[in-house]
Amino acid sequence: MNYIDLHAHMVSRTTDDYHAMALTGCVAVTEPAFWAGYDRVSASAFADYFKHLTEFEPQRAAKYDIQHYTWLCLNPKEGEDRGLAREVLAIIPQFLDRPSVLGIGEIGLNRVTRNELATFIDHVELALEHNQLIHIHTPHLEDKYKGTKAIVETLASNSRIDPSRVMVDHVEEHTIRMVLEHGFWAGLTLYPMTKVSPGRAIDMLEIYGTERLCVASACDWGPSQPLAIPNCMFEMRRRGHSNQWIHEVVYNNPCRFLSQSPKFKFAPLEQPALVH
C-alpha cells in the first residue's frame with residue numbers, strides 16, 4: 001500500500017533510506033526545517049540549508065520515484081535568538097515560490113520562553129502574509145502540555161488563521177484533544193525508543209478516529225526509523241484494522257492536508273494503491 005511521510009528529515013538520512021522507503025510504498029515525503037545539531041550563527045547558513053532542501057533533496061528522492069517537498073523556518077531551538085530570527089525571516093520569502101515548498105515549518109516552541117513565542121508569532125505572520133500552510137513542532141518531555149497550550153491559545157486568538165491549514169505535530173495522549181477540538185490537524189510522529197510508539201499512536205487513532213490525524217516517521221539523525229510508517233501499518237493490520245482504514249491514515253489524510261497547497265501533486269484515492 002502506498003503512503004506519504006509528512007515529517008521526515010531526509011537531510012540526515014542516507015540514500016539507502018530512500019531506497020527502503022520506496023520499496024515499502026512511500027510515494028512522497030515532506031521535510032520540515034529543523035535543528036542541525038548545533039546552533040547556526042548566521043542567516044547565510046540558513047540560506048545554504050534552504051538551498052539544500054529545495055534543490056539537492058528533491059533530486060536525490062526523485063531517483064527513487066519519491067516526490068520530495070519541504071517546509072522552511074528557523075527552528076524553535078534557535079528561535080531564542082531574536083536578532084538571528086529577524087535575519088532568517090527576511091530571507092525566507094525568496095524561497096517560498098520554489099516548486100517543492102509547501103509552507104512554513106516546523107515552527108513552534110522548545111522551552112516555551114518569551115523570545116521563542118515572539119519568533120513563533122513572527123513565523124505565523126509570515127505564513128499568513130504569503131498564504132502558506134503551517135507545520136508546528138510542540139515541545140517534548142516536561143514542556144509538552146505547557147508548550148502545546150501556549151501554541152493553541154496563540155493561534156486561536158488570531159482570527160485570520162484557518163485551523164484546517166495548520167498541522168500541530170508531536171501530539172501525545174495529554175495534548176491531542178485540545179488540538180483536535182480547536183480544529184487543527186494533529187500529527188502522531190513515531191519513534192522507536194522515546195515519545196509516541198506505533199502502538200500508542202494506534203491507541204489514539206482508535207479513541208479519536210481518523211479525521212484530521214496523520215502518522216509520520218520524523219526520522220532524523222537521532223534514534224528514529226525511516227520505515228516507521230510501514231511498521232505502524234503492520235501493527236494496524238495485526239490489530240484487525242481494514243486496508244481502507246489504514247489507507248485513510250497513511251495516504252488520504254496527508255493528501256487532504258497537503259493538497260491545500262497547489263504545489264502538492266497527490267490527491268485522495270477511494271481505494272488503496274498497490275506499492276509501485
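Student: In which helix is the place of Tyr251?

Tutor: This is a predicted model, in which local features need pLDDT of at least 70, side-chain atom pairs count only at pLDDT 80 or more, and totals for chains, interfaces and linings use all residues. Residues are numbered from 1 along each chain as its sequence is written, and side-chain values use heavy atoms, with hydrogens and water left out. Helices are DSSP runs of H or I with at least four residues, numbered from the N terminus. Tyr251 lies in helix H9.

Student: Is Tyr251 buried or exposed?

Tutor: Buried means under 20% relative accessible area, exposed over 50%, and partly exposed in between, with a 1.4 Å probe and protein chains only. Tyr251 has a relative accessibility of 5%, and therefore it counts as buried.

Student: Which residues is Tyr251 in contact with, leaving aside its neighbours within four places in sequence?

Tutor: Contact means heavy atoms within 4.5 Å. With those neighbours left aside, the residues that Tyr251 touches are Asn2, Tyr3, Ile4, Val27, Phe266, Ala267 and Leu269.

Student: Is H8 roughly parallel or roughly antiparallel to H9?

Tutor: Axes are lines fitted to C-alpha atoms, for helices over the stretch in contact, and angles run from 0 to 180 degrees between N-to-C directions. Angles under 35 degrees count as roughly parallel, over 145 as roughly antiparallel, 65 to 115 as roughly perpendicular and the rest as oblique. Helix H8 (residues 228-238) packs on helix H9 (residues 243-258) at about 150 degrees, with the axes 10 Å apart. H8 is therefore roughly antiparallel to H9.

Student: How do the residues of the contact of H8 with H9 divide, and what are they?

Tutor: H8 contributes Ile229, Met233, Met236 and Arg237, and H9 contributes Asn243, Trp245, Ile246, Val249 and Val250. Ala, Val, Leu, Ile, Met, Phe, Trp, Tyr, Cys and Pro count as nonpolar, Asp, Glu, Lys and Arg as charged, and the others, Gly among them, as polar. The division is 7 nonpolar, 1 polar and 1 charged.

Student: How is H3 oriented to H4, parallel or antiparallel?

Tutor: The axes of helix H3 (residues 82-91) and helix H4 (residues 114-129) come within 10 Å and cross at roughly 10 degrees. H3 is therefore roughly parallel to H4.

Student: How many disulfides does a search of the whole structure find?

Tutor: A disulfide is a pair of cysteine sulfur atoms within 2.5 Å. For Cys219, the nearest cysteine sulfur, that of Cys26, is 9.0 Å away. The sulfur of Cys232 is 12 Å from the closest cysteine sulfur, in Cys214, too far for a bond. The number of disulfides found in the whole structure is 0.

How values were computed: Helix = DSSP H or I, 4+ residues; strand = E, 2+ residues; numbered from the N terminus.
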